[in-house]
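Open the model in your viewer and keep the selection panel handy. We'll go from the whole chain down to a few side chains.

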Amino acid sequence: MFKKIIFLLLAFVLLTCTIVSAASEPKLIKTINNGLTKKINVYNIVYIEVISHHIYIYENVDQAYIVYMTLKEFMDEVNLKYIVQIHKSYLVNLLYVEKIEGQICYLKGGVALSLGRKYKNEFIERYEELM
């Protein structure tokens, strides 16, 4: 009886550790850049530009990585509360927003993106929740 209890406790601890470690692992997205495949951590994304079925992911201002999927497929895969759509062509990581002035969203690194009327209210609401 005592051995069964110890075994069950050990199994519970191992299962709990597996769940926690899986949840804390970074989400990675497979991208293509100049013919090379790279995995990027979604938490490092500054902003995303969507042109047709090409998603350009910017980890910094200078370099974009390309993912070939629709915006809906991308959002379903990433599913992060910090990635928010601000325009039909742009998504931003709220952690990189410096300020909002009128219809412009300024990001770290000097990037200025237009806010779409359709997305502005939800974006500002989610941004204020974060602050």
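Here is the tour, stop by stop.

**Before you click**

This is a predicted model, so local features are drawn from residues with pLDDT of at least 70 and side-chain atom pairs only from pLDDT 80 or more, while totals for chains, interfaces and linings use all residues. Numbering starts from 1 along each chain as its sequence is written, and side-chain values use heavy atoms, with hydrogens and water left out.

**Stop 1: the whole chain**

Show the cartoon: the chain has three helices and ten strands. These elements are DSSP runs numbered from the N terminus, with helices being H or I of at least four residues and strands E of at least two. In order, they read α-β-β-β-β-β-α-β-β-β-β-β-α.

Of the 131 residues, 34% are buried. Buried means under 20% relative accessible area, exposed over 50%, and partly exposed in between, using a 1.4 Å probe and protein chains only.

Among contacts (heavy atoms within 4.5 Å) with a separation of 6 or more, 42% join residues 24 or more positions apart.

**Stop 2: colour by confidence**

Colour by pLDDT, the predictor's confidence in each residue from 0 to 100. The chain mean is 77, and 74% of residues reach 70 or more.

**Stop 3: helix α3**

Select residues 117-130. Helix α3 has 14 residues and runs 21 Å from first C-alpha to last, close to the 20 Å expected at 1.5 Å a residue; that expectation is 1.5 Å times one less than the number of residues. Now show Tyr-119, Phe-123 and Tyr-127, the buried residues of α3. They pack against β6 (83-87), β7 (90-93), β8 (97-101) and β9 (104-107).

**Stop 4: strand β7 and its partners**

Stay with β7. Tyr-90 and Val-92 point one way, Leu-91 and Asn-93 the other, and all are buried. Strands count as paired if DSSP finds at least two bridges between them. β7 pairs antiparallel with β3 (residues 47-51) over three bridges, and with β6, also antiparallel, over four. Click Leu-91: Ile-48 stands opposite it, and Leu-91 is also the bridge partner of Gln-85. β6 and β7 form a hairpin with two residues between them.

**Stop 5: two asparagines**

Zoom in on Asn-93, in β7. Why does Asn-93 count as buried? Because its relative accessibility is 2%. Its side chain reaches the backbone nitrogen of Leu-95 at 3.0 Å. Leaving aside neighbours within four places in sequence, Asn-93 touches Val-42, Tyr-43, Ile-45, Val-46, Tyr-82 and Ile-83.

Last, select Asn-41, in strand β2 (residues 36-41). The side chain of Asn-41 reaches the backbone nitrogen of Tyr-43 at 2.9 Å. Draw one more distance, C-alpha to C-alpha, to Glu-59: Asn-41 and Glu-59 are 18 residues apart in sequence and 9.1 Å apart in space.

Technical notes
Polar contact = N/O pair within 3.5 Å; in protein donor to acceptor, adjacent residues only side chain to side chain.
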